[in-house]
Amino acid sequence: MTTNSKNERALTKKDLRQVFTRSCTLDSAWNYERQQHINFCYMMIPVLKRLYKDDSAAMSRALKRHLEFMACTPHIVTLLAGVCASMEEENAANSDFDESTISAVKVSLMGPMAAVGDSFFWGTLLTIAIGVGVSFSSSGNIMGPILFLLIINVPAFLVRFYGLRIGLNNGMKFFADASNSDTIARITKVASILGLMVVGAMVATTVSFSITYEVGVEGAMTPIQTYIDQIMPCLLPAVAFFVMYYLLGKKIKTTTILIFLIVFSCVGCYLGIF
Amino acid sequence: MNNLFLETVLITLVAFIGYMHSYWGSTMNNRPIIIGPLTGLVLGNLEMGLMVGAALELAFLGAVPIGASNPPDMTSGTVIGTAFVIISGQDIGTAVALAIPVATLVGVIDNLLMMFVLTQAGHMCDAAAEKGDYRRIEWITRFAGIGNKVVLALVVGIGYYLGIPIIEQLLTVIPDFILRGMDVAAGLLPAVGFAMLARMILTKELSPYLLAGFVLAAYFNAPVLGVTLCGLVVAGVVFFNDSKKNSTKEVSIDDNEF
């Protein structure tokens, strides 16, 4: 696909700034039928307004194609918006352009983008932010929430900002290049490494579980926990983690696990084990 | 009574700020770690707000909106749970015991909005698109996007105004072992969240890194920030090693960190 060079760009800086601002609302009118479609269309309107202002039929078709199903990680959606904008621009300038390409490209890109974006932003980055934030917050330190917001949002807004430019200027080429050089796979891998180390550390620091039930002869009672600590520090939290990991792998619902946990804890307290 | 009214207004505002996160960049300020301290600030006990926020953050760890799954509504759960702990002076475990049912209940309301009201907004947009009327779509989007947050924030506000005295009475009849059990459960809940995260990113090849993080924290008492920085070092080494040659054996990388 050919892309316009910068000097013949129909879209102005102001249009792009509006796309950027509006991209921030992506998840706000989420619904079960077509998920983020309302806001995706809202985000594309500044572009469509510039290109199809005088052609009501073309505007109607464009609005309809951007009201189609949309599911993407909100923090990286500008990349997709940039690709769509460059295609819309091409479509407005070139009457031979097949409009159905835009929908097709959108559908084919959002899946892989959401897969990478979700596991990075809602997975790895959120884990790190929670890990660091909670370690400050739990002792009443105000740096907790501040660091949490910075760790999430500095990368998120950088990606949001540069994503739009990359999408617009390189269009489809970016995705072809990225998959050739395995860049995305490599970034996903190192992000997973970082995330897993934080998860490991947080299992040790934030999961708390101990057996206070005492054993021994009268007058010399010792809580079982003392013996467990001699085997290995944080043994029970690690066991709890692996049990949960195993149960989730058996496709048991999270709500079922939660209810089981609460009942298990209450029964344990009733019997005086915990 | 006047005081309660002012508090209710501020509490509603806190909830609104939380819900608005998806309108100003999915900044994740709807999470307990932010909403807890904000509620604490309103009720004059920031420190307790921070601590309850941290505990609830861990309890709701697995609550992430991936794909079409919508998690329980943490914002309402955190507001009510934090407020109750601050007002009544109960343990932090009580906040978890309260937050989970509240979050589930308000989650149902949120789901109903997304199922019927916002779907209807989508159909109105379709009709406007038919006529090429983009201005109408813009207004529907703004109205629907902010409107559903106003509704949810009002639900929280009303819940706060009417609910706290009822909860207070309810707790006097709940036996002690249930409350202590909730405390124990609150300590175990993060394990579910971590297991969910691990299910998402763990592969056999990457499992040593999970162990490395655990060992650093359990045996060397490294704080999470320290482990994160160690993780950055390892991630950097792996990234540049991989980029040199894909054929490089990765076994040598694992040795570097121990």
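Helices here are DSSP runs of H or I with at least four residues, strands are runs of E with at least two, and both are numbered from the N terminus. By that count, chain B has 10 helices and zero strands. This is a predicted model, where local features need pLDDT of at least 70, side-chain atom pairs count only at pLDDT 80 or more, and totals for chains, interfaces and linings use all residues. Residues are numbered from 1 along each chain as its sequence is written, while chains are lettered from A and ligands numbered from 1 in the order in which they are written.

The C-alpha atoms of chain B fill a box of roughly 65 × 60 × 25 Å along the principal axes.

Now for the partner. Calling two residues in contact if their C-beta atoms, placed from the backbone, lie within 7 Å, chain A brings 95 residues to the meeting and chain B brings 89. On the chain A side, H8(A) gives the largest share, with 17 residues.

Back inside chain B, look at H2(B) (residues 32–42) and H4(B) (residues 74–88): their axes come within 9 Å and cross at roughly 40 degrees. Axes are lines fitted to C-alpha atoms, for helices over the stretch in contact, with angles running from 0 to 180 degrees between N-to-C directions. That makes H2(B) oblique to H4(B), since angles under 35 degrees count as roughly parallel, over 145 as roughly antiparallel, 65 to 115 as roughly perpendicular and the rest as oblique. Among the residues that meet there are B:Gly36 and B:Gly40 from H2(B), and B:Val79 and B:Ala83 from H4(B).
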